Amino acid sequence: MPARVLDGKALAETMRVEIAQQVAAHVALGHRPPGLAAVLVGNVAASRVYVRNKRRACDAAGIRSWLYELPEECSSQQLLDLVAQLNADAQVDGILVQLPLPKQIDEQAVIEAILPDKDVDGFHPDNVGRLTIGIPRFLPCTPYGVQQILQREGIDTAGKRVAILGRSNIVGKPMALILMQKPSKAFPMGGDATVTILHSRSRDLVEQLRQADILIAGIGVAHFVQPEMVKPGAVIIDVGINSLEGKIVGDVAPGVAEIASAMTPVPGGVGPMTITMLLQNTLEAARIHSGLSPRETSVR
Ligand SMILES: Nc1nc(=O)c2c([nH]1)NC[C@@H]1CN(c3ccc(C(=O)N[C@@H](CCC(=O)O)C(=O)O)cc3)C=[N+]21
């Protein structure tokens, strides 16, 4: 029997309706609408498409959005000046600087220039540190989206063996932190799982993968995960977005669906959830800025 399809696109649409309702309730309390500033540097076609999709999703949820564009050859200082302007703008709750940035720009310096309470990607070291010690402000959107897929599809992670393929700062590492966390009031998304991170230098990679009850792949290698690497009945989450022979494919080969019990498709799986969680974080930022959120414990 082929795996159940974990339809991230459908879930993303359901959640966007919920977020739109929460935004409307926020505005009905007399607050200004949440606002997201998107910054696009240069002319990468894929980045333009992603940013356009994010702004469309904002519109549909009642979140204001603004697009700031800088040329490919702009300086670090120009981008830092723009970030400072957006930090100071009281209409802007969230700032999203679309990555990757051109090579002359110090990406880490830009991430660190964003005020942590506007860092809706959750990439600022302050937010990474908070996540690490179990008092998160914003969860990074992609792993947050995966956590929501698991929770809302009724896939219990407590005590389970989770293998994460890939150790990136935006997928693998925060995913591990969320799923290993003991749930608490400050961190209800904690997964109570036993987590193993695997990467290009891991020994016994296939043996480790075959032990996993839940396998999350985020390495960016088309069809890396093959059926013989998967435990029968495992749940497979495919975070990869690769192009292969003109098609968008994930990190997981199609044949894995014959072995797994449930699997996210690509496209239509994790990607749409990433955008939805950006909306959720922007609403959370607006709540913080209106003094409504218990998640904000620091003063400014
Ligand atoms: N600061 C920053 N934050 C990001 O969140 C960020 C970023 N930079 N840089 C690029 C990556 C990539 N990313 C995607 C979001 C949604 C889809 C998505 O919705 N994909 C659809 C469609 C795929 C397609 O047809 O192109 C799907 O998987 O079904 C994909 C990729 C966010 N990123």
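Two strands count as paired here if DSSP finds at least two bridges between them; helices (H or I, at least four residues) and strands (E, at least two) are DSSP runs, numbered from the N terminus. The model is a predicted one, where local features need pLDDT of at least 70, side-chain atom pairs count only at pLDDT 80 or more, and totals for chains, interfaces and linings use all residues. Residue numbers start from 1 along each chain as its sequence is written.

On those terms, strand E8 (residues 235-238) and strand E11 (residues 262-263) run parallel and are joined by two bridges, with Ile-236 partnered by Met-263 in E11. Both strands belong to an open sheet of six, in the order E1-E11-E8-E7-E5-E6 with parallel pairing. Its edges are E1 (4-5) and E6 (194-198), each pairing on one side only.

Next, the core, meaning buried Ala, Val, Leu, Ile, Met, Phe, Trp, Tyr and Cys residues joined through C-beta atoms within 7 Å. Buried means that 20 or more other C-beta atoms lie within 10 Å of a residue's own, with C-beta atoms placed from the backbone. The largest nonpolar core has 83 residues, and Val-162, Ile-164 and Ile-236 are among those with the most contacts inside it. Helix H9 (residues 270-289) gives the most, ten residues.

Terms used. Buried ≥ 20, exposed ≤ 12 C-beta atoms within 10 Å, placed from the backbone.
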